[in-house]
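Hi everyone, thanks for making time for this. I'd like to walk you through a structure that may be new to you, so please have it open as I talk.

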Amino acid sequence: MSVPAPAPVPAPAPSPSPSGAGGVDRSSVRVGALVPLTRPGWVEAGRHLLAGLELAVAGVNDGGGIDGRQLELVVRDTAADPERAEAAVEELAGLGVVAVAGEYHSVVARAAAARADALGVPFLCSSAVLDALIEGPTPWVARVAPAQSHGWRIYGDFLLGAGRRRIAVATQPSVYWATGTRVLRDHLAPHGGTVVELDARTLGPEALCDALVEHGAHALLLLVGTPEPAVPIVRAVRGDRRLAELLIGAPAGQPEFAGWAAALGEDGAGIPFLRYLPERLGPLGERVGKELRERLGEAPSFVAYEGWDTVTVLAEALRSHGTDRAAVAASWPEVAVDGTRGPIRFSRQPGIDVWQWAWPPVQVVDRDPAQPGDLRILHAG
């Protein structure tokens with residue numbers, strides 16, 4: 001899941017995290033972590049991702065580390081900036097990390113994957129879903145998040161099952177949004193579904209409402225950043241009596257985090273989005289979820305579980321294949337671990353040029369209008 005952020009603003013060059021400061025035990029096994037921790041990145045998602053990564057590292061070290069060596073996480077803030085991510089991968093490679101992990105925003109992960117591939121550094125992507133994470137097959141990149149085409153087709157099935165065939169998308173320029181629109185259009189068309197694009201740059205919230213009425217839309221999907229312009233759009237649609245029967249959806253997961261409910265209250269409920277969790281977590285997922293909640297001070301999102309699973313995969317690869325970068329990359333098709341959301345193994349999937357977990361569980365959920373703090377499962381794939 002990976003909502004594109006607004007255009008990056010200038011940011012200072014990334015500085016070492018405490019784990020990368022001087023005096024560190026150089027016998028540790030170092031893993032780089034790419035996380036959006038400052039705006040215009042989606043900071044809530046970054047905080048959850050980092051919590052999962054750090055919790056898993058602590059667990060590995062409590063269990064003896066990697067053959068007696070401590071696992072060390074070297075964190076870099078991408079701030080949703082592809083160039084900053086590329087520079088971070090360069091720096092981390094120079095620091096001797098055995099692999100790079102993480103990232104949430106798809107366009108940022110794509111830049112990081114290309115640089116890691118060029119440098120021969122294994123990159124295990126945690127959350128970004130863009131199918132074309134890299135151009136051309138690579139042995140260096142693997143991913144624990146589902147591909148966008150997989151998850152968004154499931155969302156399309158949900159729309160069809162709900163009788164919503166005339167779909168409008170409020171969108172902004174981004175390869176991620178454009179790809180999602182194409183996936184939905186191709187999936188819905190054989191069933192009589194249509195997709196019309198409404199440019200959120202040129203249409204204000206009220207004009208967007210007029211366009212929805214004109215097109216007779218059954219659903220509006222928010223393929224835009226949050227809080228702007230997603231929150232004003234939701235408020236406008238909720239306040240327009242002509243659109244009382246319109247379904248608002250957010251396949252990229254904007255309502256997943258507490259900030260959405262805080263910004264919109266009851267208006268933010270009843271907006272279906274994609275979440276990558278099973279209907280019920282097993283004992284491992286329950287235990288990790290409890291620890292994540294304590295660390296975050298709130299319910300963990302699926303992004304936090306993705307972070308935990310990422311480090312768990314890497315730890316198994318390092319234990320079984322060693323800490324040489326080429327050996328880690330060679331482990332992708334062989335590694336098998338129990339993750340928080342099910343057994344994780346990687347394979348090659350048609351049209352996807354990275355090693356892919358096929359597939360994490362996928363749900364369509366929303367915030368319960370009766371209890372906006374609770375989530376309801378509407379569809380599973």
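Let's begin with Asp67, which sits in the loop between helix 1 and strand 2 (71-77). And please keep in mind throughout that this is a predicted model. Asp67 is a residue other than glycine, yet its phi is positive, near 55°. Is Asp67 buried or exposed? Asp67 has a relative accessible area of 66%, and the cut-off for exposed is over 50%, so Asp67 counts as exposed.

Now move along to Ala79, in the loop between strand 2 and helix 2 (82-94). Ala79 is not a glycine either, and it has a positive phi of about 55°. Here the relative accessible area is 4%, so Ala79 is buried.

From there, step into helix 2, where you'll find Ala85. Ala85 is buried too, because its relative accessibility is 0%. What does Ala85 touch, once we leave out residues up to four places away in sequence? The answer is Thr78, Val108 and Ala112. Take Val108 from that list: it is 23 residues from Ala85 along the chain, while their C-alpha atoms are separated by 6.4 Å.

Next, a pair of prolines. Go back to the loop between strand 1 (29-35) and helix 1 (43-62), where Pro40 lies. The peptide bond leading from Arg39 into Pro40 is cis, with omega near 15°. Then jump ahead to Pro229, placed in the loop between strand 8 (219-223) and helix 7 (230-238). Glu228 and Pro229 are joined by a cis peptide bond as well, and there omega is about 0°.

How many cavities of 30 Å³ or more does the structure hold? It holds 1, and the volume of the largest cavity is about 40 Å³. Around the largest cavity you can pick out Val31, Val57, Leu71, Glu72, Leu73, Val311, Leu314, Ala315 and Leu318. Two elements, strand 2 and helix 10 (302-321), each give two or more residues to that lining. Helix 10 gives the most, with 4 residues. Sorted by class, the lining has 8 nonpolar residues, no polar ones and 1 charged.

Notes. Residues are numbered from 1 along each chain as its sequence is written. This is a predicted model: local features need pLDDT of at least 70, side-chain atom pairs count only at pLDDT 80 or more; totals for chains, interfaces and linings use all residues. Side-chain values use heavy atoms; hydrogens and water are left out. Buried means under 20% relative accessible area, exposed over 50%, partly exposed in between (1.4 Å probe, protein chains only). Contact means heavy atoms within 4.5 Å. On a 1 Å grid over the protein atoms alone, a cavity is a set of points where a 1.4 Å probe fits but cannot get out, and a pocket is an open set with protein on both sides within 12 Å along at least five of seven lines; lining residues have an atom within 4 Å of a point. Grid points are joined across faces, edges and corners, and a volume is the space filled by probe spheres set on the points. Ala, Val, Leu, Ile, Met, Phe, Trp, Tyr, Cys and Pro count as nonpolar, Asp, Glu, Lys and Arg as charged, and the others, Gly among them, as polar.
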